[in-house]
Amino acid sequence: MTHASDRSPQQTREHPPGSRPRVLSIAGTDPTGGAGIQADLKSFAAHGAYGMAVVTAVVAQNTHGVRAVHLPPVDVLVGQLEAVSDDVAVDAVKIGMVASEGYAQEIGLWLDRVQPRWVVLDPVMVATSGHHLLDPGAERAVVDLLPRVDLVTPNMAELAVLVGQETATTWSAVLEQAVELARRASVVVLAKGGHLLGPGSPDALVTPEGVVTEVSAPRVQTSNVHGTGCSLSSALAALRPRCDDWESAVREAKTWISGALEAADALAVGSGNGPIDHLHAQVPV
Ligand SMILES: Nc1ncnc2c1ncn2[C@@H]1O[C@H](COP(=O)(O)OP(=O)(O)O)[C@@H](O)[C@H]1O
Ligand SMILES: Cc1ncc(COP(=O)(O)O)c(N)n1
C-alpha cells in the first residue's frame, strides 16, 4: 500500500473518484498563447484536467518564429518544482522544452523523488516553424530523461536526433526509427507524422517490444499548426489518468487535435503560422 507521506506531505496519491486529474506542465512559454505552457494549460482544461505549470524557459516568440530564449537559474526551476510537489499530489506530468543539461538532471531527480504516475515527454528541439529551440548539449540531455518517462512524443526531426540518424523522409523509415528508439530506451514512443507531405497525418504508438499501432487522420489543409506537438502531448497527459491504456488516450487525443486544426483558421491569431483552437469542442466561436 502507498502511504500519502511517501509521495506528498499534503495529499493522497490517487485523485479521488469524481475529482479532476492534477496535471503539471514543465515547459517553456509562448506569449502568443499557441505553444509551450500557455497551450498546455488550454489543452489540460479542454480535457477536464486541473492544470499546473513550471516554467523552464521564457521564450520571446510569435507565430513567425522564435526571437530569444531566456533561461532561469537552475535553482529557480527546482524551487518551482518543489513548491508544487510539496503541496499537490501530481497525477501526470508533461515535459516540454528542457533547454539545458542542468535542467534535465534536476527534472530527473525530481521525477525520482515524486514519482508521478504518468510522465509524457515531448522532446521539444525543433519548433514547427523549423527553429531550433535547444543547443546540441541540451538535445543530448533530453535523451538522459528517457528512462524516467512513460511516453515520448517526437516529431520526425526529433525522432532522428534521439536515434542519432538522419531525419526520415518516408513513413516506413519513421516507423523503423521509432521501433529502434522504443527498444533502445525501453519506452513507449508516439512517432508523429505531422511533417509528412501526403494526404494523411499518421502517428504510431510503438512499444519497447516492437508492437506498432498506427493512428491516422486525414491531413487538415491549414498552415496554422503552431503548437500542435505541445497540445497533443498535454492532451495525452490529461487523458491518461482516465483511460485504460496509451492507445485509447492517443485515439481520443488524435480526434481532438484534428478538430482543433480544422477550427484553427477561424481563430485569426497572428499573421504567421497561427495556433490551433483548443476550445473547439467546448465553446462555439
Ligand atoms: N495538417 C495536419 N493535419 C492533421 N494532423 C496534423 C497536421 N499537422 C500536424 N498534425 C498532427 O498534430 C500532431 C503533432 O504533430 P507534429 O506536427 O508532427 O508535431 P510537432 O508539433 O511536435 O512538430 C500529430 O498528431 C500530427 O499527426
Ligand atoms: C516554449 C515552446 N515549446 C515548444 C514549442 C514547439 O512548438 P510545436 O508544438 O509547434 O512544435 C515552441 N514553439 N515553444
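Helices (H or I, at least four residues) and strands (E, at least two) are DSSP runs, numbered from the N terminus. A residue is near a molecule if its C-beta atom, placed from the backbone, lies within 6 Å of it. The model is predicted: local features need pLDDT of at least 70, side-chain atom pairs count only at pLDDT 80 or more, and totals for chains, interfaces and linings use all residues. Residues are numbered from 1 along each chain as its sequence is written, and chains are lettered from A and ligands numbered from 1 in the order in which they are written.

**Exercise 1.** Determine which helix gives the most to the shell around ligand 1.

*Solution.* Begin with the shell itself: 19 residues surround ligand 1, and Asn155, Lys192, Gly194, Ser201 and Gly229 are the closest. The largest contribution is that of α9, with four residues.

**Exercise 2.** Describe the largest nonpolar core and the contacts of Leu236.

*Solution.* A residue is buried if 20 or more other C-beta atoms lie within 10 Å of its own, exposed if 12 or fewer, and partly exposed in between, with C-beta atoms placed from the backbone. A nonpolar core is a set of buried Ala, Val, Leu, Ile, Met, Phe, Trp, Tyr and Cys residues joined through C-beta atoms within 7 Å. The largest such core has 81 residues, and Leu236 and Ala253 are among those with the most contacts inside it. Its largest share, eight residues, comes from α9. Two residues are in contact if their C-beta atoms, placed from the backbone, lie within 7 Å. Leaving aside residues up to four places away in sequence, Leu236 touches Val120, Leu151, Ala249, Val250 and Ala253.

**Exercise 3.** Characterise helix α7 (residues 171-185) and its packing.

*Solution.* Helix α7 has 15 residues and reaches 21 Å from its first C-alpha to its last, close to the 21 Å expected at 1.5 Å a residue; the expected span is 1.5 Å times one less than the number of residues. The buried residues of α7 are Val174, Gln177, Ala178, Val179, Leu181 and Ala182. These pack against α6 (156-163), β7 (188-192), β8 (203-206) and β9 (212-215). After α7 comes Ser186, with a positive phi near 55°.

**Exercise 4.** Decide whether Gly130 counts as buried or exposed.

*Solution.* Gly130 lies in the loop between β5 (118-121) and α5 (136-145). Gly130 counts as exposed because it has 11 C-beta neighbours inside 10 Å.
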